[in-house]
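Please prepare a briefing on the structure shown below.

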Amino acid sequence: MMIHDLTILAVADVERAASFYTAAFGWPAVVRVPVYVELEVGPGRGLGLYQRAGFGVNTGRPAAAPVPGHTTSTEL
């Protein structure tokens with residue numbers, strides 16, 4: 001059985017993204033640093049919002065920005 005623990009999204013504006021998810025779903029922030037916010041979406045589960053450039057540094061590869069007028073290859 002697989003258990004979902006954490007999904008991390010690379011975003012352009014961490015605070016804006018966190019405000020959206022908190023307002024839309026009521027998920028509280030449990031971690032908040034300048035380049036990363038983690039929201040609790042349920043017991044033991046989270047949504048991480050990582051500033052795009054910081055995410056690239058962490059993974060060793062740049063995170064591609066979405067192209068205006070196009071969709072990304074991610075669906076939640």
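In this predicted model, strand 1 and strand 4 run parallel and are joined by six bridges. Strands, like helices, are DSSP runs numbered from the N terminus (E and at least two residues for strands, H or I and at least four residues for helices), and two strands pair if DSSP finds at least two bridges between them. Within this pairing, Leu-9 stands opposite Leu-49 in strand 4.

Local features need pLDDT of at least 70 and side-chain atom pairs count only at pLDDT 80 or more, whereas totals for chains, interfaces and linings use all residues of this predicted model. Residues are numbered from 1 along each chain as its sequence is written, and side-chain values use heavy atoms, with hydrogens and water left out.

- The four strands form an open sheet of mixed pairing, in the order 1-4-3-2.
- Strand 1 and strand 2 (29-33) each have a single partner strand and stand at the edges, so one side of each lacks a neighbour in the sheet.
- On average, neighbouring strands of this sheet are turned by 15 degrees against each other, with direction ignored; axes are lines fitted to C-alpha atoms, for helices over the stretch in contact, and angles run from 0 to 180 degrees between N-to-C directions.
- Strand 3 and strand 4 run antiparallel and are joined by six bridges, and Glu-38 has Gly-48 in strand 4 as its bridge partner.
- Strand 4 is largely enclosed by the rest of the structure, because five of its seven residues are buried; buried means under 20% relative accessible area, exposed over 50%, and partly exposed in between (1.4 Å probe, protein chains only).

**Overall fold**

- The chain contains two helices and four strands, which follow the pattern β-α-β-β-β-α along the sequence.
- Helix 2 (residues 52-59) lies across strand 1 and strand 4 and runs at about 100 degrees to strand 4.
- The C-alpha atoms of the chain fill a box of roughly 35 × 30 × 25 Å, taken along the principal axes.
- Of the 76 residues of the chain, 25% count as buried.
- The chain exposes about 5600 Å², of which carbon and sulfur atoms supply 60%; accessible areas come from the Shrake-Rupley method with a 1.4 Å probe, and for residues only the protein chains shown count as cover.

**Nonpolar core**

- In soluble globular proteins, nonpolar side chains tend to be buried together.
- Ten residues make up the largest nonpolar core: Leu-9, Val-11, Val-14, Ala-17, Ala-18, Tyr-21, Val-37, Leu-39, Leu-47 and Leu-49. Such a core is a set of buried Ala, Val, Leu, Ile, Met, Phe, Trp, Tyr and Cys residues joined through side-chain atoms within 4.5 Å.
- At least two residues of this core come from each of strand 1 (6-11), helix 1 (14-25), strand 3 (36-42) and strand 4 (45-51), and helix 1 gives the most, with four residues.
- Beyond its neighbours within four places in sequence, Val-37 is in contact (heavy atoms within 4.5 Å) with residues including Val-14, Ala-18, Ala-29, Leu-47 and Leu-49.
- Ala-29 is found in strand 2 and is partly exposed, with a relative accessible area of 34%.

**Aromatic rings**

- Rings of Phe, Tyr and Trp (its six-membered ring) pair if their centres lie within 6.5 Å; planes under 30 degrees apart count as stacked, over 60 as edge-to-face and the rest as tilted.
- By this rule there are six aromatic pairs.
- The rings of Phe-20 and Tyr-21 form an edge-to-face pair, because their centres are 5.0 Å apart and their planes stand at 80 degrees.
- The rings of Tyr-21 and Trp-27 have centres 6.1 Å apart and planes at 5 degrees, so this pair is stacked.
- Tyr-21 counts as buried at 16% relative accessibility, whereas Trp-27 is partly exposed, with a relative accessible area of 22%.
- Phe-20, Tyr-21, Phe-25 and Trp-27 are linked into a cluster by ring pairs.
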